[in-house]
Amino acid sequence: RKGDGGSKEKSLESYDNWDGPLHPDIKILDHKVDGDAWTITIIELNDFAKLIGFPGWKATEIITFDDADQIREVIYIPIESGKDYKEYLKPAVDWLHTNRPDDLKEVYDLDKKRLIQTNASAKKWVELLNEWREKTK
């Protein structure tokens, strides 16, 4: 584990700014209980991943409960799948660069080749990716 982890407020803000508007879809693949700790293996999808055809992000979460059965700690451990969502996103970025360059600049940093993650950009990505799929599939 690195550092003290994030605060609840920061996690909720991150959720509201990106994950929430993209409608997370989390499937539990496996789980085990060992005393006060639950270990679950999950696959995460969302509207963004589904629209680009990305199979999802796999992870392990370790959830520890206190004596009152309240969550004391959640540790999220990504599982390397060898698949990078950027490979799946590239055809959409290329199409948007040609057909909707101004809109692309609102949601993607072309210089750093990374997503701009805000509530507005999450919603805009869904709109743009739907249009890309309509026009190219």
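1. What share of the contacts between residues at least 6 apart in sequence join residues at least 24 apart? In the protein chain the figure is 44%. Keep in mind that this is a predicted model.

2. Fold layout. The protein chain carries 5 helices and 6 strands. Read from the N terminus, the order is α-β-β-α-β-β-α-α-β-β-α. The C-alpha trace spans about 55 × 30 × 25 Å along its principal axes.

3. Main core. The largest nonpolar core holds 24 residues. Within this core, F48, L89, Y108, L115, W125 and L129 touch the most other members. Four helices each supply at least two of the core residues: α2 (47–52), α3 (85–99), α4 (101–107) and α5 (119–136). In soluble globular proteins, nonpolar side chains tend to be buried together.

4. W125. Look at this residue on screen. Setting aside neighbours within four places in sequence, W125 is in contact with W18, F48, L89, V93, L96, L104, V107, Y108 and L115.

5. Second core. A separate core of 5 residues is also present. Its members include I40, A59, I63 and F65.

6. Burial and surface. The protein chain has 137 residues, and buried residues make up 32% of them. Its accessible surface comes to about 9,400 Å². Carbon and sulfur atoms account for 49% of that surface.

7. Charge. The protein chain has 22 positive and 28 negative charges.

Note on methods
Residues numbered from 1 in each chain as written. Predicted model: local features only at pLDDT ≥ 70, side-chain atom pairs only at ≥ 80, totals over all residues. Heavy atoms only, no water. Buried < 20%, exposed > 50% of the residue type's maximum accessible area, 1.4 Å probe, protein only. Contact = heavy atoms within 4.5 Å. Areas by Shrake-Rupley, 256 points an atom, 1.4 Å probe, with all protein chains shown as cover. Lys, Arg positive; Asp, Glu negative; His and termini not counted. Charge placed at Lys NZ, Arg CZ, Asp CG, Glu CD. Core = buried A, V, L, I, M, F, W, Y, C linked by side-chain atoms within 4.5 Å.
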